[in-house]
Amino acid sequence: MQNFPILSAMLLLPLLGAVACLLSDARGARWIALATTLAVFALSIGLWIAFQIGGPQWQFAEYYPVFGRFAWALGIDGIALMLIVLTAFLMPICIAASWDSIKERVPEFMACFLFMETLMIGVFTAQDIFLFYIMFEAGLIPMYLIIGIWGGANRIYAAYKFFLYTLLGSLLMLVAMLWMVNFAGGETSIPVLMATDFPPEAQTWLWLAFFASFAVKMPMWPVHTWLPDAHVQAPTAGSVILAGVLLKMGGYGFLRFSLPMFPEASEQFIWLVFGLSMVAVIYTSLVALVQQDMKKLIAYSSVAHMAIVTLGLFAFNRQGIEGAIIVMLSHGLVSGALFLCVGVIYDRLHTREIDRYGGLSINMPKYAILFMLFTMASIGLPGTSGFVGEFLSLVGLYKVNSWVTLVATTGIILGAGYMLYLYRRVAFGELVHEDVKAMPDLSAREMALLAPIAAAVLWMGVYPESFMAPIRGDVGALVARIDRAAPVGDAQLKMGEAKPVINDEAYGEAH
């Protein structure tokens, strides 16, 4: 499979499917979209199986010169592999979730989703810096259309806000990329640029330019305000893919650009990342506690979870970075499932107001059990995917700054507060509303949507090694690259005293 251009196939297949959807009727478009996304998912599983753990860092590489310095350069490491599998796993679920709820302009809706799948996978496979930028920015277009055409009552405002926030930050990134390529003598290969030592004084400005783009995408406080609006107005499938994959592009950008290319600047601005992340963890958790709209509550919880990711990434050690990647994967599954759970009851009652529900565990027991599982995974219950990543992130963060870790842990306690409060109000209590009493339990299609995510959440919680093994070598390479700029932890002993040796490589082999 190393010789077969599987990455190009995974990019071309959804693109052809999108064209086929536009030429079909509503029923045909649904089946074409489902078949295409399932085929891409099958290819992603083949990619995972064929990936050589412990082999070369960059695998399945493809290189075709296009014109001038621009090239169709593709290749993946273990980190990109995991995010591609997550994308391919969620896409057929999104298509199936829209089966009955989207009734207008169905071919265009399905084409938008397939086009977006091409662009999302393109972000994770691109090895040319300008190809990455094109894929990264073009992903705005289908999402803008999905929110603006098939969204809620205030969809136009939310779509414009989403588009403008994310576009403005990325313009600075493009200027920085042009300077970097010029400095590197015209080299546009991302792996080569990752190993290039840029001057420390230039790193400061380059880091800020990239940060402007990735911070909005994550989203970090205070540039997070587009996210609750976008989630509330987006259709269910739009929310799933927005929370599941699009938010991960910011974290992927930090891993691929900010840390390895600008290690000194990353250490220089560690106070900024920690400060914004601490505010995000506490502030957005408190805001989530008072929400009356289910989607807004889950959207604010996403901001808090992404703050744990940024804290882990900038811990400059193996535990923090591995934990941050696992949190990204876990959040993609769990938040996607929570938005699907909201969509299930929204389809029945056409309201997201928490107070309109209550007692759902009486007449919807299957729904209540699955909703409880995803709620617990969001909190980080041991045995679910949420625990592994959050624990590792905080362990890595503790090695750098114990006070920041204390604040981040407080946010996790608040997270338990708002998620359990949401679950109690929706699932427990008396069935007082007549229309809620009439709501049927999960249909076979809805079970087919939620059951695979539930299985993945438990699998990641019980046996995280299958997800950590592919990324371990790449995290080791990243840690070796940024080690020269790693900050001294506040818990480490002073000079002259015995210093405990924590060997990251030994840790990796042991786990």
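Q: What do the buried residues of α14 pack against?
A: The buried residues of α14 pack against α9 (200-217), α13 (263-268), α15 (294-313), α19 (385-398) and α20 (402-427). Packing here rests on contact, meaning heavy atoms within 4.5 Å. The helices are DSSP runs (H or I, at least four residues), numbered from the N terminus. By the way, this is a predicted model: local features need pLDDT of at least 70, side-chain atom pairs count only at pLDDT 80 or more, and totals for chains, interfaces and linings use all residues. Residues are numbered from 1 along each chain as its sequence is written, and side-chain values use heavy atoms, with hydrogens and water left out.

Q: Which residues of α14 are buried?
A: Among them are Ile 270, Val 273, Phe 274, Ser 277, Ala 280, Val 281, Thr 284 and Ala 288. Buried means under 20% relative accessible area, exposed over 50%, and partly exposed in between (1.4 Å probe, protein chains only).

Q: What span is expected for helix α14?
A: The expected span is 1.5 Å times one less than the number of residues. Helix α14 (residues 270-289) has 20 residues, so 28 Å is expected. From first C-alpha to last, α14 reaches 29 Å, close to that value.

Q: What makes Phe 316 count as buried or exposed?
A: Phe 316 comes in at 3% relative accessibility, so Phe 316 counts as buried. Phe 316 sits in the loop between α15 and α16, and its phi is near 60 degrees, a positive value in a residue other than glycine.

Q: How do you know whether Ile 354 is buried or exposed?
A: Its relative accessibility is 0%, so Ile 354 counts as buried. Ile 354 belongs to the loop between α16 and α17 (360-363).
A: A disulfide is a pair of cysteine sulfur atoms within 2.5 Å. The sulfur of Cys 21 is 10 Å from the closest cysteine sulfur, in Cys 112, which is too far for a bond. For Cys 341, the closest cysteine sulfur is in Cys 94, 14 Å away, also too far for a bond.

Q: What makes Cys 341 count as buried or exposed?
A: Cys 341 has 0% relative accessibility, so Cys 341 counts as buried. Cys 21 is at 0% relative accessibility and counts as buried, too.

Q: Which residues of α16 meet α18?
A: Cys 341 is one of them, and the α16 side also includes Val 334, Leu 338 and Ile 345. On the α18 side, they meet residues including Tyr 367, Phe 371 and Phe 374. The residues of this contact divide into 11 nonpolar, two polar and no charged. Here Ala, Val, Leu, Ile, Met, Phe, Trp, Tyr, Cys and Pro count as nonpolar, Asp, Glu, Lys and Arg as charged, and the others, Gly among them, as polar.

Definitions and conventions. Helices (H or I, at least four residues) and strands (E, at least two) are DSSP runs, numbered from the N terminus.
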